[in-house]
Amino acid sequence: MDELQEVGIQAKTSLLYFDNVSVHFEIKGMDKPLIAVDGVSFSMNDGELAALVGESGSGKSTLGRVVVGLQKPTSGKALFRGKDIYKLKGKAFLEYRRSVQLVHQDPYAALNPALTIYESLAPALRRWNIVDKKDTRKAVSSMLEFVGLRPENYIDKYPNQLSGGERQRICVARALSVRPKLVVADEPVTMIDVSLRLSIVDLLLNSKKQFGTSYIFITHDMALARYFLLKGGGGKLMVMENGKLVEMGDVEEVINNPKHEYTKKLIESVTE
Ligand SMILES: Nc1ncnc2c1ncn2[C@@H]1O[C@H](COP(=O)(O)OP(=O)(O)OP(=O)(O)O)[C@@H](O)[C@H]1O
Ligand SMILES: [Mg+2]
């Protein structure tokens, strides 16, 4: 039977569809593998927001890496628009690579220190033919404007001339410049000064509003997850513990009526 028939209509119509996805790591000197992701199932639609919350080591980044194509699952199905991410070829693979972008925790490591901001942002626009060659500089400028940086002050600077918050804005600009459908933001504000965190989160939400970008926002901070989803007009709260999704539901429902002990603990630690 055709794979699409097998997994049904939801798998076909969802932007992302995970069915029973597990990731095991073989560790030297250990007889059993480490189970980083354990039978995770969920789906994402176009324009949907999700926040993935859990403590350190619960498997959030590993799950995020499966979504962006960097970590092949040991078992289970990881589908993008109904097709197995790890079997995509040719045009479909390229479309996926452009459509799903990662913003990660460390804006220092994410930018090449030898390149100016223009040189960091232009190649993706060229690679995916987002604009005509002659319009590349204009397009980079307009992305800088979108992330709240005056282009003339930033476009020819090097990363070491920028603050952490500014660098993360550049990383967001780069991820959004190729017009992705889904962005996995893995602890995008953890390394940024507390006073600037919400402005970066708001920036992500602006792109949801303006371009309909979907997000999987990864954080260990329940308060931040709640802020992200409520400010963004609602979405799915997913709670991860020891590799398992132990709770998933509409953010307001989960916060008001958490089913799982671990979720209750995370919520209580916020309100205390
Ligand atoms: N490449 C790898 N090889 C072996 N073990 C790994 C690898 N990547 C992750 N792990 C292990 O998998 C588990 C989950 O790690 P992961 O980075 O996904 O957690 P996390 O929830 O993102 O944690 P944090 O909040 O600290 O970022 C951890 O025990 C980690 O040590
Ligand atoms: Mg992580």
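These are my notebook entries on a predicted model.

**Conventions.** I number residues from 1 along each chain as its sequence is written, and I letter chains from A and number ligands from 1 in the order in which they are written. The model is predicted, and local features need pLDDT of at least 70, side-chain atom pairs count only at pLDDT 80 or more, while totals for chains, interfaces and linings use all residues.

**Entry 1: strand 1 and its partners.** I took helices (H or I, at least four residues) and strands (E, at least two) as DSSP runs, numbered from the N terminus. I counted two strands as paired if DSSP finds at least two bridges between them. Strand 1 (residues 16-25) pairs with strand 2 (residues 34-44) in the antiparallel sense over 7 bridges. On that side, Phe-25 has Leu-34 in strand 2 as its bridge partner. Strand 1 also runs antiparallel to strand 4 (residues 75-80), to which 5 bridges join it. There, Asp-19 stands opposite Lys-77.

Entry 2: I looked up the strand order of the 6-stranded open sheet and found 6-7-8-3-9-10, with mixed pairing. Strand 6 and strand 10 (244-250) are the edge strands, each pairing on one side only. Neighbouring strands are turned by 15° against each other on average, direction ignored; axes here are lines fitted to C-alpha atoms, for helices over the stretch in contact, and angles run from 0 to 180 degrees between N-to-C directions. Within the sheet, strand 3 (residues 49-53) and strand 9 (residues 236-241) run parallel and are joined by 4 bridges. Ala-50 has Lys-236 as its bridge partner in strand 9. Helix 2 packs on the sheet and touches strand 3, strand 6, strand 7, strand 8 (214-219) and strand 9; contact requires C-beta atoms, placed from the backbone, within 7 Å. The direction of helix 2 makes about 155° with that of strand 8.

**Entry 3: ligand 1.** I listed the residues near the ligand (C-beta atom, placed from the backbone, within 6 Å of it). Among them are Phe-25, Leu-34, Gly-57, Lys-60 and His-220. I sorted the shell into 3 nonpolar, 8 polar and 1 charged residues, where Ala, Val, Leu, Ile, Met, Phe, Trp, Tyr, Cys and Pro count as nonpolar, Asp, Glu, Lys and Arg as charged, and the others, Gly among them, as polar. Strand 2 and helix 2 (60-67) each supply at least two residues of the shell, and helix 2 gives the most, with 3.

**Entry 4: helix 8.** Helix 8 (residues 164-177) has 14 residues and reaches 20 Å from its first C-alpha to its last, close to the 20 Å expected; the expected span is 1.5 Å times one less than the number of residues. I found 12 of its 14 residues buried, where buried means 20 or more other C-beta atoms within 10 Å of a residue's own, exposed 12 or fewer, and partly exposed in between, with C-beta atoms placed from the backbone. The cover over these residues includes helix 5 (117-127), helix 6 (136-146) and helix 9 (194-211).

**Entry 5: single residues.** Arg-179 lies in the loop between helix 8 and strand 7 and has a positive phi of about 55° although it is not a glycine. Arg-179 counts as partly exposed because it has 13 C-beta neighbours inside 10 Å. Arg-81, in the loop between strand 4 and strand 5 (83-84), has a positive phi of about 45° and is not a glycine either. I noted Arg-81 as partly exposed, with 19 other C-beta atoms within 10 Å. Ser-195 is in helix 9 and counts as exposed because it has 8 C-beta neighbours inside 10 Å.

Terms used:
Two residues are in contact if their C-beta atoms, placed from the backbone, lie within 7 Å.
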